[in-house]
Amino acid sequence: MPGTPTIDDALESSDDRYLRVIARLSPIDSSALAGTSRSGAIQALKDHAQRSQQAVTEAASRFDGVTVQNQYWIANAVSLDVDTEEVSLAELAEIRAIDRLHANFEVEKHGDVGEGDDEVGAEEFTYGLEMVNAPDAWEAHGTQGDGVSVAILDTGVDGDHPDHDVDKWAEFDGSGEPIDTDPNDGDGHGTHVAGTAVGPDEPDGDVPAYGVAPDAELWGVKVLDD
């Protein structure tokens, strides 16, 4: 028999009549995602959310004081606007499939990086670098790509971009013949990809490090038109 859903303290201690309540539902069994493709996993998450959230949306439609504000398939949660004089939190918690109720909240970053900080910290690099564990790899192996050359075959590289030194450059026409040009990128996509690969650890402007291998050489190759 399922346990009683929990109601967090911030909700129970609130004196507000109108509350934004997040109803959390059971996550998908991870075994259902094993061996699936990315698109298959996404569809499985969406299907699970649709099935489990149906009980919540149907119950909300029966309550005069509850409105579905949004539904989330990754977290498997439903955002509800609740008039607590019409419906109590305890009544909400009785809805089948709800695991817990908690208040809505803003996600905030954990402070700023001070000027002059040299070490790689939580605010010194992008979310993407953190997700691929690049800073951990830099520290563990004592390298950020020194001695490696990375060729970006794309729309080119902006030769005037303050974060890019193009060590070698080549441009080819639609027939594969080389063209004598300077680094350029009329679209911007190649410059963006180059930044992901070799963007500096101290980029120009007030932005965090965003390149996986900032010490690697950049070879820009324009094989796509603008």
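**Exercise 1.** In this predicted model, identify the bridge partner of V21 in β5, and describe how β2 pairs with β5.

*Solution.* Step 1: V21 has A103 as its bridge partner in β5. Step 2: β5 covers residues 98-103, and its pairing with β2 is antiparallel, with 5 bridges.

**Exercise 2.** Determine the sense in which β2 and β4 pair, and the number of bridges. Then locate the partner of A23 in β4.

*Solution.* Step 1: β2 spans residues 18-25 and β4 spans residues 77-83. Step 2: these two strands run antiparallel and are joined over 7 bridges. Step 3: within β4, A23 is bridged to V78.

**Exercise 3.** Compare the span of α2 with its expected value, and find where α2 bends.

*Solution.* Step 1: α2 comprises 25 residues, 38-62. Step 2: at 1.5 Å a residue, 36 Å is expected; the distance from the first C-alpha to the last is 36 Å, close to that expectation. Step 3: a bend of about 40 degrees is found at Q53.

**Exercise 4.** State which residues of α2 are buried and which strands they pack against.

*Solution.* Step 1: buried means under 20% relative accessible area. Step 2: the buried residues of α2 are A41, A44, L45, H48, A49, S52, Q53, A55, V56, A59 and A60. Step 3: their packing partners are β2, β3 (66-72), β4 and β5. Step 4: Q53, the site of the bend, is one of the buried residues.

Definitions and conventions. Residues numbered from 1 in each chain as written. Predicted model: local features only at pLDDT ≥ 70, side-chain atom pairs only at ≥ 80, totals over all residues. Heavy atoms only, no water. Pairing = 2+ DSSP bridges. Helix = DSSP H or I, 4+ residues; strand = E, 2+ residues; numbered from the N terminus. Expected span 1.5 Å × (residues − 1). Bend = angle between axes of the 7 residues up to and from the residue. Buried < 20%, exposed > 50% of the residue type's maximum accessible area, 1.4 Å probe, protein only. Contact = heavy atoms within 4.5 Å.
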